[in-house]
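Open the structure in your viewer and keep the sequence at hand. The stops below say what to select and what is there.

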Amino acid sequence: MGNTQETSYVKEYMKYACLNVLGMMGLSCYILADTFFVSKGLGANGLAALNLAIPVYSFIHGCGLMLGMGGATKYAIYRSQGRSRNADSMYSNTLFVSAVFAGIFLLGGAFLSEHITAWLGADDEIFAMTNIYLRVIMLYAPAFIMNDVLNCFVRNDGNPKLSMFAMLGSSMTNIVLDYVLIFPLHMGIFGAVFATGLSSTTGILILSGHWWSRKNKVHFVKTKMQWRRMFFSVSLGFPSLVTEVSSGIVMIVFNMILLNLEGNIGVAAYGVIANLSLVITAIYTGIAQGVQPLLSRTYGTNDKKNMRRLLCCAMATMFVLSCVVYGLVFLFADPITQIFNSEQNRRLQEIAVSGLKLYFTGIVFVGCNIILSVFFTSTEKAFPAHIVSLMRGLILIVPMAFLLSSLWKMTGVWLALPVTEGIVAVLGVILYRKFGRRTCA
């Protein structure tokens with residue numbers, strides 16, 4: 001009986017992980033589509049403007065995942081324990097808090113976009129394009145946040161296939177609209193960001209089908225606002241915010257350094273690396289979010305053996321994919337860069353090719369840290385999850401970028417991420433031995 005249950009969990013992990021990796025890759029591909037079409041239609045300046053504005057999108061997406069992952073994790077634990085009323089109350093409370101966050105971003109887009117654009121470092125040459133992208137992305141924040149929250153709950157309610165279809169559907173919508181709005185309709189940077197915003201509504205429409213399916217067990221109920229539970233839920237989801245925001249913070253810091261070292265060409269070259277990094281990070285996020293509902297379920301039923309087995313499966317998957325991805329990046333760095341270098345700028349090509357080979361040496365550590373962080377979240381270990389996320393997203397990466405760039409210029413910029421993620425991975429293993437082993441023992 002035990003072996004049958006273990007086999008069932010492994011099969012379920014493969015299903016959840018594969019579907020979620022495909023969905024997350026599709027979701028991240030619309031950032032790549034923006035990069036590709038903007039580079040073709042608007043050149044290096046458009047690429048630099050896009051790269052300056054993307055961190056704000058990362059922050060919005062991170063807030064959606066923080067609320068969705070935190071709320072859905074508690075939802076899954078309550079469901080596994082048979083506490084249906086608590087599970088539905090968590091869903092309802094999460095929707096309310098999501099509306100508050102969405103409103104804050106909406107107001108920011110309406111009244112503060114120019115100030116944020118200036119703060120991000122846009123010069124006169126690219127200020128207008130950056131501001132347009134930033135304003136529209138913030139005005140669409142309610143759709144982005146709702147899409148993320150619903151996705152997490154649908155996946156934790158036993159419907160990973162619909163979650164994948166929603167992510168792929170929104171990505172395909174974005175890619176098609178990107179082409180149509182930028183080229184035949186000549187809508188420029190506004191067309192790119194408008195396509196991204198519309199794609200999120202496609203995801204919401206697809207996900208809404210879950211509430212009419214037989215698989216649906218999540219219901220909106222009239223309930224009091226349970227601030228204490230929501231605070232704990234947000235605390236559990238906080239590492240998901242940091243994981244997303246860290247990419248935005250890294251972009252902001254790197255953009256500042258690169259503007260001083262190489263100007264707008266350096267920022268454009270980093271845009272190629274940063275956007276490819278979003279896709280690769282999405283693979284690890286897909287594995288982590290795929291295993292999360294199962295980890296929460298086994299934690300809720302105190303099934304320690306299968307908890308351990310699921311974590312090992314996730315780590316093994318991550319390691320194999322990391323080796324494959326880095327091999328492809330190393331071998332095809334030049335043609336990858338050429339795809340986004342529409343003006344055939346020689347300096348941009350040199351910077352990006354060199355950067356790709358150095359920057360992505362740290363991807364196995366990135367994957368390890370993301371999975372460990374989600375493991376701690378899934379098993380209600382908020383403290384170690386926060387430590388891992390904050391160290392890699394804020395505390396280490398920023399000083400490391402300034403230190404290494406001052407020592408080795410461009411080479412130092414590219415090595416900042418591998419060095420940071422490597423140190424945090426060692427710390428993560430130490431935290432697992434201290435906190436995680438007791439959960440799985």
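Rings of Phe, Tyr and Trp (its six-membered ring) count as a pair if their centres lie within 6.5 Å; planes under 30 degrees apart are stacked, over 60 edge-to-face and the rest tilted. By this rule there are 21 aromatic pairs. The model is predicted, so local features need pLDDT of at least 70 and side-chain atom pairs pLDDT 80 or more, while totals for chains, interfaces and linings use all residues. Residues are numbered from 1 along each chain as its sequence is written, and side-chain values use heavy atoms, without hydrogens and water.

Select Phe-254 and Tyr-270. The two rings form a tilted pair, 5.3 Å centre to centre with 40 degrees between the planes. Phe-254 is in helix H8 (residues 227–261) and Tyr-270 in helix H9 (residues 264–300), 16 residues apart; helices are DSSP runs (H or I, at least four residues), numbered from the N terminus. Both Phe-254 and Tyr-270 are buried, where buried means under 20% relative accessible area, exposed over 50% and partly exposed in between (1.4 Å probe, protein chains only).

Next, select Tyr-326 and Phe-330, both in helix H10 (residues 304–331) and four residues apart, about one turn of the helix. Their ring centres are 6.1 Å apart and their planes at 40 degrees, so this pair is tilted. Tyr-326 is partly exposed at 23% relative accessible area, and Phe-330 is partly exposed at 43%.

Last, select Ser-378, in helix H13 (residues 363–378). Ser-378 is buried, with a relative accessible area of 0%.

Terms used. Helix = DSSP H or I, 4+ residues; strand = E, 2+ residues; numbered from the N terminus.
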